[in-house]
Amino acid sequence: MSYAATFVVVLIILVINTLSARLPDWLIAKYDVANAQVTVRYGLMKRCERSTISFPGPGKGGRLEYTEYECRKFPSPVQDKCDSDNRVFCALWTSAQYFTELGIGFAGMGLVALLIGASTHSRRRRVWRAVAGLVILHAVFQLVTFILVTELYRKDRFPVFEHAKPGVGYVLNAVSWVLGFVVGAAVIVTGLAADRGQKWAAGNRSYTPILGHRYRTYTPIRGYGTSA
């Protein structure tokens, strides 16, 4: 992959990661309670609840609705019982937050490495290793976040997750780490090919590596050019 293409894709990955981390809809649970419809969205950092209450209104068949929307930090030590019943869940969910933030940091560092490589011609052949490593580290941390949330959701480690379904934030996270591994692998393949002098990878900076050198030794002749 060229530096420009890699930069664009890594930038897209970074944007996806940032949106995924901030969106409060990794998991979505819906309930019907009496005349109320309740939708609770769980993100890595906050929980948002929308309650819609419907009751009879004036006129034949008339209905009135009242909607309330509220967000709060998630998980909360008191409201989500992090100090008692849900201690393990809260610890793992908070770890998922940290891992996704680390992944975002490595993606940002990958962009910086690309800018340095593109602006310094002498380092272009070496910087691909740093870029590939940073992008793959980003993907690894996002994958760890995905695995933690999936396990907590699949095994119902939090009581209300029994009624939850994956949302947009969850899907965006999966897209980001899949793209990260693909881009990292592509950078490695292109970098190795460029080091071997493959023109499709090195472009205008391609070269033909010299695989072997022959050294010829010369022995000076004493007295050459002097009178006897």
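Figure 1. The view comes from a predicted model. Tyr 66 sits in strand 4. Together with Ile 53, Phe 55 and Leu 64, Tyr 66 makes up a nonpolar patch on the surface. The accessible area of the four residues together is about 350 Å². Strand 3 (46-56) and strand 4 (63-73) are the elements that each give two or more residues to the patch.

**Figure 2. The disulfide of Cys 48 and Cys 71.** The sulfur atoms of Cys 48 and Cys 71 are 1.9 Å apart and form a disulfide. The torsion about this S-S bond is about 110°, so the disulfide is right-handed. Cys 48 belongs to strand 3 and Cys 71 to strand 4, so the pair ties together parts that lie 23 residues apart in sequence. Cys 48 has 1% relative accessibility and therefore counts as buried. Cys 71, at 36% relative accessibility, counts as partly exposed.

**Figure 3. The disulfide of Cys 82 and Cys 90.** The structure holds two disulfides. One of them joins Cys 82 to Cys 90, with an S to S distance of 2.0 Å. Here the torsion about the S-S bond is about -70°, so the disulfide is left-handed. Cys 82 and Cys 90 are both buried. With the bonded cysteines numbered in sequence order, the pairing reads 1-2, 3-4.

Figure 4. The secondary structure comprises five helices and five strands. In sequence order, the pattern is α-β-β-β-β-α-α-β-α-α. The chain has 228 residues, and 39% of them count as buried. The chain exposes about 14100 Å², with 61% of that supplied by carbon and sulfur atoms. Among contacts with a separation of 6 or more, 59% are between residues 24 or more positions apart.

**Figure 5. Confidence along the predicted chain.** Mean pLDDT for the chain is 82, and 80% of the residues reach 70 or more. Among the elements, helix 1 (residues 3-22) has the highest mean pLDDT, 92. Helix 5 (residues 199-202) has the lowest, 58. In residues 206-210 the pLDDT is below 50, and this stretch has nine contacts in the model beyond near neighbours in sequence.

Notes:
Residues numbered from 1 in each chain as written. Predicted model: local features only at pLDDT ≥ 70, side-chain atom pairs only at ≥ 80, totals over all residues. Heavy atoms only, no water. Patch = residues over 30% accessible without salt bridge, like charges linked within 9 Å, V, L, I, M, F, W, Y side chains within 5 Å. Areas by Shrake-Rupley, 256 points an atom, 1.4 Å probe, with all protein chains shown as cover. Salt bridge = Lys/Arg side-chain N within 4 Å of Asp/Glu carboxyl O. Helix = DSSP H or I, 4+ residues; strand = E, 2+ residues; numbered from the N terminus. Buried < 20%, exposed > 50% of the residue type's maximum accessible area, 1.4 Å probe, protein only. Contact = heavy atoms within 4.5 Å. pLDDT = per-residue confidence, 0-100. Disulfide = S-S within 2.5 Å.
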